[in-house]
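I opened this model to look up how its chains are built and how they meet. My notes are below, in the order I worked.

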Amino acid sequence: MAKLQIALYWAAGCGGCDVAVLDTDAFILTVAELCDIRLWPIAVDGKYEDIEVMADQELDVAFINGAIRTSENEHLAKLLRQKSKVLVAFGSCAHMGGIPGLANFVDREEIFQRAYLDNPSIEPGNRTVPQPESRVNGHTLDIPKFYKRVYRLNDVVDVDYYLPGCPPAPDQVKAAIVAIATGRLPAKGSVVGCSDRAVCDECKRQKEEKKVKKFHRPWQKIQDFEKCLLEQGIVCMGSVTRGGCGVRCPNTGQGCRGCYGPMAGVEDQGAKFLSALTSIIDSKDPAEIEKILEGIPDFPAIAYRFGLPNSLLQRRMRA
Amino acid sequence: MSYEPRIVGFLCNWCSYTGADLAGTSRIHYPANVRVIRVMCSARVDPTFVLKALRAGADGVLVCGCHPGDCHYTEGNYKAMRRFALLQKALRDFGVEPERVRLEWVSASEGQRFADVVTDMTERLRPLGPSRIKPTLEADAVER
């Protein structure tokens, strides 16, 4: 069998997805046997130029992790789309915008101001800021354009499969690579490497009636590990999140953060979570409800932690 | 043509829709800015509906249900009340003015109240101008 030609690219992400690939342990050696890795910036010395000179669809599959934040991200996404038969959005950022997507609650200008001018760690008066173009030794250098907001991968290119998770669980990564290598591909547009049921379905904690008078941050409460987190007033998104992760967070005492994204057919994971969470509040008094809600600081950042660009409103509207 | 706010109204079947009906049969005048969708209960109004209406270009969304204690399904309107409290907070972070989304209790006998609510909401929306949500997201798709 001819070796599978693959590329892995890291767009606006933290690098954890690349580590998730390495987390497949000894399997990574099988990957090296099955595949020629033509580009993988974190691990292999491939150049963008090597991709540019390839024939169209020369690559069998490209895995892209990270959201689209800069013109470089978009350029590579488009280039890999053109050169690949199959394009996989790998991890929450490529799938839904991920943590970088939370930047859509602020403007590009505010980010610039904070990062280069107002940051407390910057020497007072230092106004060194990046320029779109600079001249060094007679050469002109430019940096990629920082887009006005964060986009999902499928906002800029056609995506064949989505492999969710922050990061995707190693077993799911393995299964996806094997499925591609053996040509057992699901319908285009499928979310793969996950379950069709919610995280709650796989969670072993006891679930009874949910009525909450007070919400707690995980460190504010000594929790009962046998009992549903939500019933203990600890915010958990398991009920509105795709399973398949192995219930990683609730099993370690943290509420599910929603990284596997919405269930099939759901348009807005955060809205569903809003519904679920407020349904269990045990009060009919507006003032008391308000007080109970104060126990959930910054709700939008919780509900859209991994999927703001994937939500109905996608961003904060400009004033 | 002058700007007319477009309001999507979700009215519960048992109280508010009947109240709106009463406004009609009583020939009470109110602005034609509201487009009414009948739902069985205010608790049926998934926050997704509100966001979707805003995303599709609505300038305001009005949710009406039975007064607290009067819900046909005993507690549905309390669920709506709780959802709405959090939804309002969340919308602030999206840069959506609080006037654009409103929850009101209108009973089956309150035709006049329904008319007053729609009139008041329309007048409060007018000075805000058209919602920026749809044009903003359309522009984002074209120019990054």
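**Ground rules.** I am working with a predicted model, in which local features need pLDDT of at least 70, side-chain atom pairs count only at pLDDT 80 or more, and totals for chains, interfaces and linings use all residues. Residues are numbered from 1 along each chain as its sequence is written, while chains are lettered from A and ligands numbered from 1 in the order in which they are written.

**Chain A overall.** I counted twelve helices and nine strands in chain A. Helices here are DSSP runs of H or I with at least four residues, strands are runs of E with at least two, and both are numbered from the N terminus. I then checked the radius of gyration, taken over C-alpha atoms. A compact globule of 319 residues would come near 20 Å, and the 22 Å of chain A agrees with that. The rule behind it is 2.2 Å times the number of residues to the power 0.38. Along the principal axes, the C-alpha atoms fill a box of roughly 65 × 60 × 30 Å. Of the 319 residues in chain A, 44% count as buried. Buried means 20 or more other C-beta atoms within 10 Å of a residue's own, exposed means 12 or fewer, and partly exposed is in between, with C-beta atoms placed from the backbone.

**The interface.** How many residues of chain B are in contact with chain A? I found 28, in contact with 27 residues of chain A. Contact means that the C-beta atoms, placed from the backbone, lie within 7 Å. H2 (47–55), H3 and H5 (133–142) of chain B are the elements that give two or more residues to this side. H3(B) gives the largest share, eleven residues. The chain B side divides into 14 nonpolar, three polar and eleven charged residues. Ala, Val, Leu, Ile, Met, Phe, Trp, Tyr, Cys and Pro count as nonpolar, Asp, Glu, Lys and Arg as charged, and the others, Gly among them, as polar.

**H10(A) on H3(B).** I looked at helix H10 (residues 269–279) of chain A against helix H3 (residues 76–93) of chain B: their axes come within 9 Å and cross at roughly 130°. That makes H10(A) oblique to H3(B). Axes are lines fitted to C-alpha atoms, for helices over the stretch in contact, and angles run from 0 to 180 degrees between N-to-C directions. Under 35 degrees is roughly parallel, over 145 roughly antiparallel, 65 to 115 roughly perpendicular, and the rest oblique. Leu274(A) and Ser275(A) are among the H10(A) residues that meet H3(B), where the partners include Arg82(B) and Leu86(B).

**H2(B).** Its buried residues include Val50(B), Leu51(B) and Leu54(B). H10 of chain A is part of what covers the buried residues of H2(B), together with elements of chain B including H3 and H5.

Most residues other than glycine have a negative phi, and most peptide bonds are trans. I noted a cis peptide bond between Cys166(A) and Pro167(A), with omega about -10°. Pro167(A) lies in the loop between S9 (161–163) and H7 (170–181) of chain A. Asp25(A) has a positive phi, near 55°. Is Asp25(A) buried or exposed? Asp25(A) counts as exposed, because 9 C-beta neighbours lie inside 10 Å. Gln57(A) also has a positive phi, near 60°. With 13 C-beta neighbours inside 10 Å, Gln57(A) counts as partly exposed.

Note on methods: Contact = placed C-beta atoms within 7 Å.
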